[in-house]
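Subject: Structure handover

Hello,

Here is the structure I said I would pass on. My notes on it follow below.

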Amino acid sequence: MEDKIAQLRQMIADSDNIVFFGGAGVSTESGIPDFRSVDGLYNQKWKYPPETILSHSFFERDPEEYYRFHREKLVVDGVKPNRAHLRLAQLEQEGKLKAVITQNIDGLHQAAGSKNVLELHGSILRAYCSRCRRPYPAEEMNKGQGVPRCACGGVIRPDIVLYEEPLDNDIVRSAIAYIRNADILIIGGTSLNVYPAAGLINYYRGKKLVLINLSETPYDSYADLIIHEKIGEVFSRV
Ligand code: CNA
């Protein structure tokens, strides 16, 4: 572990074109459960699996149940950025990190001070009407009761990408450009199981692919440096 941390520290010191690609594991140390860890949302008792509840067709069919899950599981009170979010923001400020590309919807990278954050799956801190697309503050959606409605009668929905929905083209294009041009690509806290997001890392052409994840991923064999440790712990030391 010591060797690997030292190696990563040196790589970061030598580069000014780092790109970070992350997922739910980046926020578990802030107290937000991920999907696939043993205590993640997939292993908790719920009427339907998260992938079903968080799908476009389910939202249309049963917004009531969607919002029960949303408020109980996606919205976690009082969360703060952890050492991974904070160090990444600092690396951006130092001119070393070009972009954070995240699958997370919790807004914690921005809360830590990161400016260039590409949210592949949107954010629960934004809401809009699914009928007329008028934007709404996220407060009622995240903290209220029942199904929030727009003045036009439409259902207010979170500005997140539900399963069955496409990613935003501009964000994907931008993410690909950053990954393709990156000197170092650090991937962290993601099972790399959710597509098309996970597939974006295939655009990396360099020879400094770093993978920081508690469990193994399908991409472990492609990494030049693998650290199976807590990501907050790792970033506090580099
Ligand atoms: P995932 O499939 O749940 O995988 C998370 C990965 O992180 C697992 O492989 C864990 O082993 C690993 N992990 C957990 N904690 C740590 C840690 N402290 N340090 C290092 N590794 C850790 O999540 P993905 O992001 O890969 O899946 C994509 C989904 C999950 C996206 O659509 C997200 O929107 C969605 N999600 C987001 C949040 C959030 O915004 N915080 C929370 C839960 C799910």
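Ile101 stands opposite Leu118, a residue of strand E3. Please keep in mind throughout that this is a predicted model. E2 and E3 run parallel and are joined by three bridges. On the E1 side, Ile101 of E2 is the bridge partner of Phe21, and five bridges hold E1 and E2 together, again in parallel. Five of the six residues of E2 are buried, so the strand is mostly covered.

The sheet

These strands belong to an open sheet of six, in the order E3-E2-E1-E7-E8-E9, with parallel pairing. Its edges are E3 (117-119) and E9 (225-227), each of which pairs on one side only. Ignoring direction, neighbouring strands are turned by 15 degrees against each other on average. E1 is joined to E7 by five bridges, and the two run parallel. Within that pairing, Phe20 has Ile186 of E7 as its bridge partner.

The nonpolar cores

The largest nonpolar core has 25 residues, and those touching the most other members are Phe21, Ile101, Ile179, Leu185, Ile187, Leu192 and Leu200. Two or more residues each come from strand E1 (18-22), strand E2 (97-102), helix H8 (169-181), strand E7 (184-188) and strand E8 (209-212). H8 contributes the most, with four residues. As a general point, nonpolar side chains tend to be buried together in soluble globular proteins.

What does Ile187 touch, leaving aside its neighbours within four places in sequence? Its contacts are Phe20, Phe21, Leu192, Ile201, Leu209, Val210, Leu211 and Ile212.

There is also a second, separate core of 23 residues, which includes Ile5, Leu225, Phe235 and Val238.

Helix H5 and its surroundings

Helix H5 spans residues 83-93, and its buried residues are Ala84, His85, Arg87, Leu88, Ala89, Leu91 and Glu92. The elements covering them include helix H1 (2-13), E1, E2, helix H6 (108-112) and H9. At the start of H5, a side-chain oxygen of Asn82 comes to within 2.8 Å of the backbone nitrogen of Ala84. Just after the helix, Gly95 has a positive phi of about 80 degrees.

Ser30 lies in the loop between E1 and helix H2 (50-53). Its relative accessibility is 15%, so Ser30 counts as buried under the 20% cut-off. Not counting residues up to four places away in sequence, Ser30 touches Val79, Lys80, Pro81, Asn82, His85 and Leu108.

The other is Gly232, found in helix H9 (residues 231-235). Gly232 is buried, with a relative accessible area of 0%. Leaving aside neighbours within four places in sequence, Gly232 is in contact with Glu29, Arg83 and Ala84. For a distance check, the C-alpha atoms of Gly232 and Leu125 are 23 Å apart, with a separation of 107 residues in sequence.

The antiparallel strands

Strand E4 (residues 122-129) is mostly covered, with six of its eight residues buried. Five bridges join E4 to strand E6 (residues 156-160), and these two run antiparallel. In that pairing, Gly122 stands opposite Ile160 of E6. E4 is also joined to strand E5 (residues 135-136), by two bridges and again antiparallel. There Tyr128 stands opposite Pro135 of E5. The hairpin of E4 and E5 has five residues between the strands, and Arg133 in this hairpin takes a positive phi near 65 degrees.

Cysteines

How many disulfides does the structure hold? The count is zero. Cys129 is in no disulfide, and the nearest cysteine sulfur, that of Cys152, is 3.6 Å away. That distance is beyond the 2.5 Å cut-off, so the pair of sulfur atoms does not count as a disulfide. Cys129 is buried, at 0% relative accessible area. Cys150 is likewise in no disulfide, and its nearest cysteine sulfur, again that of Cys152, is 3.7 Å away. Cys150 is buried too, with a relative accessible area of 7%.

Regards

Conventions: Residues are numbered from 1 along each chain as its sequence is written. This is a predicted model: local features need pLDDT of at least 70, side-chain atom pairs count only at pLDDT 80 or more; totals for chains, interfaces and linings use all residues. Side-chain values use heavy atoms; hydrogens and water are left out. A nonpolar core is a set of buried Ala, Val, Leu, Ile, Met, Phe, Trp, Tyr and Cys residues joined through side-chain atoms within 4.5 Å. Buried means under 20% relative accessible area, exposed over 50%, partly exposed in between (1.4 Å probe, protein chains only). Contact means heavy atoms within 4.5 Å. A polar contact is a pair of N or O atoms within 3.5 Å; within protein, one must be able to donate a hydrogen and the other to accept it, and residues adjacent in sequence count only if both atoms are side-chain atoms. Two strands pair if DSSP finds at least two bridges between them. Axes are lines fitted to C-alpha atoms, for helices over the stretch in contact, and angles run from 0 to 180 degrees between N-to-C directions.
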